[in-house]
Amino acid sequence: QGVAPRGRVLAVSGSATELTQRQLGRLIAERNPVLVRPIFRDGENLADQELTSAALIEAVNRAEPGQVVLYAQILQPSDLRDLTNDEASRLASNLGAIVHRTLQAVAVDGVYSTGGDITAAILDELGSDGVEIHGEVIPLAVSGEVVGGPWAGLSIVTKGGLIGDSDTAIKCIDEIASIGARVATALHDL
């Protein structure tokens with residue numbers, strides 16, 4: 001089953017693919033994450049940054065050590081929204097801003113993100129220069145740490161929405177726990 005996270009992991013999914021929906025379904029069934037869904041204001045198709053980040057902050061604060069906090073835009077086909085071109089172009093940056101607001105208020109041991117444009121937007125919002133890749137969890141799903149900016153050193157595992165099989169989200173989250181265990185061992189050995 002892998003190494004369970006000791007601290008809190010923020011899992012963020014902006015991908016709408018059927019594969020991602022299966023991966024998140026498996027994660028929910030096997031790991032019982034604290035689930036946060038987008039909060040919309042009337043007539044809006046993009047999640048409200050203030051309300052949604054407040055819900056995420058509350059979820060991280062109440063999560064048990066080792067419990068994953070999952071923010072999922074799409075868990076099933078009925079969650080899909082008919083976005084205008086403008087809304088579609090702002091979707092990733094909106095989600096990046098929600099993660100940024102959340103991380104300004106609470107600390108997590110690592111971030112798992114799925115959806116390449118989502119990961120890029122998160123890194124941009126965090127003011128980072130990118131990710132120093134330490135390895136692959138599976139082909140095209142990488143682990144590493146944020147480089148540059150206030151969150152430099154934060155563990156991150158990321159993959160595209162069409163990568164992996166139904167177990168991939170769990171494997172990626174377990175990798176964050178593995179990174180934390182390696183860091184703790186290295187610090188203990190100093």
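Thr-52 lies in helix α2, which spans residues 49-62; helices (H or I, at least four residues) and strands (E, at least two) are DSSP runs numbered from the N terminus. The model is predicted, so local features need pLDDT of at least 70 and side-chain atom pairs count only at pLDDT 80 or more, while totals for chains, interfaces and linings use all residues. Residues are numbered from 1 along each chain as its sequence is written, and side-chain values use heavy atoms, with hydrogens and water left out.

Thr-52 counts as buried because its relative accessibility is 0%; buried means under 20% relative accessible area, exposed over 50% and partly exposed in between (1.4 Å probe, protein chains only). The side chain of Thr-52 reaches the backbone oxygen of Asp-48 at 2.8 Å. Leaving aside residues up to four places away in sequence, Thr-52 touches Val-36, Arg-37, Pro-38, Ile-39, Ala-47, Tyr-71 and Ile-98, where contact means heavy atoms within 4.5 Å.

Two of these residues, Val-36 and Tyr-71, are bridge partners, with Tyr-71 in β3. Strands β2 and β3 (residues 68-72) pair in the parallel sense over three bridges; two strands pair if DSSP finds at least two bridges between them.

The seven strands form an open sheet of mixed pairing, in the order β2-β3-β1-β4-β7-β6-β5. Its edge strands are β2 (34-36) and β5 (130-138), each of which pairs on one side only. Neighbouring strands of this sheet are turned by 20 degrees against each other on average, direction ignored. Helix α3 (residues 85-105) packs on the sheet and touches β1, β3 and β4; the direction of α3 makes about 165 degrees with that of β1. Axes are lines fitted to C-alpha atoms, for helices over the stretch in contact, and angles run from 0 to 180 degrees between N-to-C directions.

Strand β4 (residues 110-114) is largely enclosed by the rest of the structure, because five of its five residues are buried. Gly-110, Tyr-112 and Thr-114 are on one side of β4, with Val-111 and Ser-113 on the other, and both faces are covered. Five bridges join β4 to the parallel strand β1 (residues 9-13), and Ala-11 stands opposite Tyr-112. Five bridges also join β4 to β7 (residues 155-159), again in parallel; Thr-158 in β7 is the bridge partner of Ser-113.

The chain has a mean pLDDT of 91, and 91% of its residues reach 70 or more; pLDDT is the predictor's confidence in each residue, from 0 to 100. Over residues 1-5 pLDDT stays under 50, and the model has ten contacts beyond four places in sequence for this stretch. Where pLDDT is low, the predicted coordinates should not be read in detail.

Key
A polar contact is a pair of N or O atoms within 3.5 Å; within protein, one must be able to donate a hydrogen and the other to accept it, and residues adjacent in sequence count only if both atoms are side-chain atoms.
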